[in-house]
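Please keep the sequence and the 3D view open while you read.

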Amino acid sequence: MIILAKCALALTSTVVVAGVYTFREGVIKVDVDEHRDGGSHVHFWVPAAAVPMAMHFVPKRHFRDMPAEASECLPLLRIVTSELRRYPDTTFVDVLDGRDHVRVATVGSKIQIDVVNDEENVHVAVPLSTVNDVANQLAADAPGV
Amino acid sequence: MSQLSHRPISQHLARRASVALAAALLFAPVALYAQSVSITSDSSKTSDRWLHVRVVSTESKNETVRVNVPLDMAEKVLPAINKDRLHNGKVRFNDTDMNGVDLKTLLDAVRTAKDGEFVTVQSNDSDVRVAKQNGYMLVHVTEKHLGSGKDAKSTEKSRVDVKIPMKVVDALFSAGKDELDLVAALRALSAHGDTELVSVKSEDNTVRIWLDSKNISD
């Protein structure tokens, strides 16, 4: 009985530690709701730590074909994401135009982008550290960046 | 007999204590993370300087634009943007942009001059005033509606107020002859106290650009 309890404790500990490790950087949340008939509804949560890990398995040649515009934005993205972590929760951009509403804000350690209008609602929340990691990885793998 | 009855109780207590300790150790990172998040997300007033832009348009659908930018971040981001005329936080311009006016010489003259009004234009449809006062460069432009009838008074159509610290103007022109140093200007601005830089009020638009220590606009 005691051995069984010890095994259960070990298993639970492993699951909890694995869970804490996977979710240590939070989750990426994407919610898309199209209001038209037959419109798509996409809702998913992905552990943020999984993205940089998954990028290691993408063949390097795909990064070399990155558009020049994207390459130009990478240094900017790296600076912005590392800097934004220093500030408290803030709405950086807020545009309200009739029934259209666009908001770019930091909430906790995430950057949150909300677009709400008559046609669709889009809510994306990505941990800043993940964006920073991805930008760093892309810059390291793409020559000339 | 008493020893035998005490032993399971102590074993039971030790087991409970070890499970509680294991649970506490396991959830400690989560608890610490939650604490750190609540600490960082609570403050609305920081020691950083923030530039705020607010545009309210009453023209069609009550459009409102609010932008809040920490000056520190802008200082670091600007040199990373190299596009068209913006390079390393500096914007290049040439004589044709300024219609032959030597802006640098003009501003040197303003900087060395004593406080006073440099330009005052008063006409039926607009008033313009450019002045230097208490370390600030001031520009006021008022556009007027012409009143109808013989004794009718003209009413205010739009009003533009610009108040820039002279130190910021100096920093802006501290680079080469045909360059504006935006990063130096931001640095000079961040050393400045709370101030309203630009205010535009017209019948259908209100624009306000100001500087303070809060990360939220009013």
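In which loop of chain A is A:Pro88 found? In this predicted model, A:Pro88 sits in the loop that lies between α4 and β3 (90-97) of chain A. The points below take up that residue again, and then turn to the chains, to a pair of helices and to some further residues in loops and in a helix.

**Chain A as a whole**

- Chain A contains five helices and six strands, and when its elements are read from the N terminus on, their order is α-β-β-α-α-α-β-β-β-β-α.
- The radius of gyration of chain A is 19 Å, whereas a compact globule of 145 residues would have a value near 15 Å.
- Taken along the principal axes, the box filled by the C-alpha atoms of chain A is roughly 65 × 45 × 35 Å.
- Of the 145 residues in chain A, 15% are buried.
- When contacts in chain A between residues at least 6 apart in sequence are considered, 54% of them join residues at least 24 apart.

**The pair of helices α4 and α5 in chain A**

- Helix α4 (residues 68-84) of chain A and helix α5 (residues 128-141) of chain A have axes that come within 9 Å and cross at roughly 150°.
- Angles over 145 degrees count as roughly antiparallel, and α4(A) and α5(A) are therefore roughly antiparallel to each other.
- The crossing of α4(A) and α5(A) is also left-handed.
- On the side of α4(A), the residues that take part in the contact are A:Leu74, A:Leu77, A:Arg78, A:Thr81, A:Ser82 and A:Leu84, and in α5(A) they meet A:Leu128, A:Val131, A:Asn132, A:Ala135, A:Asn136, A:Leu138 and A:Ala139.
- Sorted by class, the residues in this contact of α4(A) with α5(A) are eight nonpolar, four polar and one charged.

**Two further residues of chain A**

- A:His56 has its place in the loop between α2 (50-55) and α3 (60-64) of chain A, and with 8 C-beta neighbours inside 10 Å this residue counts as exposed.
- A:Thr12 belongs to helix α1 (residues 2-22) of chain A, and because it has 13 C-beta neighbours inside 10 Å, A:Thr12 counts as partly exposed.
- Along the chain, A:Thr12 and A:Val116 are 104 residues apart, and their C-alpha atoms are separated by 41 Å.

**Chain B as a whole**

- Chain B is made up of five helices and 11 strands.
- Among the 218 residues in chain B, buried residues make up 11%.
- Of the contacts in chain B with a separation of 6 or more, 48% are between residues 24 or more positions apart.

- Most residues other than glycine have a negative phi.
- B:Asp84 is a residue other than glycine, yet its phi is positive, with a value near 50°.
- B:Asp84 is found in the loop between α2 (71-77) and β3 (86-87) of chain B, where B:Asp84 is exposed because 8 other C-beta atoms lie within 10 Å.
- B:Asn134 is not a glycine either, although its phi is positive at about 50°.
- The loop that holds B:Asn134 runs between β6 (126-133) and β7 (136-145) of chain B, and B:Asn134, with 8 other C-beta atoms within 10 Å, is exposed.

Note on methods. Residues are numbered from 1 along each chain as its sequence is written. Chains are lettered from A and ligands numbered from 1 in the order in which they are written. This is a predicted model: local features need pLDDT of at least 70, side-chain atom pairs count only at pLDDT 80 or more; totals for chains, interfaces and linings use all residues. Axes are lines fitted to C-alpha atoms, for helices over the stretch in contact, and angles run from 0 to 180 degrees between N-to-C directions. Helices (H or I, at least four residues) and strands (E, at least two) are DSSP runs, numbered from the N terminus. Angles under 35 degrees count as roughly parallel, over 145 as roughly antiparallel, 65 to 115 as roughly perpendicular and the rest as oblique. A crossing is left-handed if the near helix is turned anticlockwise from the far one by less than a right angle, and right-handed if clockwise. Two residues are in contact if their C-beta atoms, placed from the backbone, lie within 7 Å. Ala, Val, Leu, Ile, Met, Phe, Trp, Tyr, Cys and Pro count as nonpolar, Asp, Glu, Lys and Arg as charged, and the others, Gly among them, as polar. A residue is buried if 20 or more other C-beta atoms lie within 10 Å of its own, exposed if 12 or fewer, and partly exposed in between; C-beta atoms are placed from the backbone. The radius of gyration is taken over C-alpha atoms; the globule rule is 2.2 Å times the number of residues to the power 0.38.
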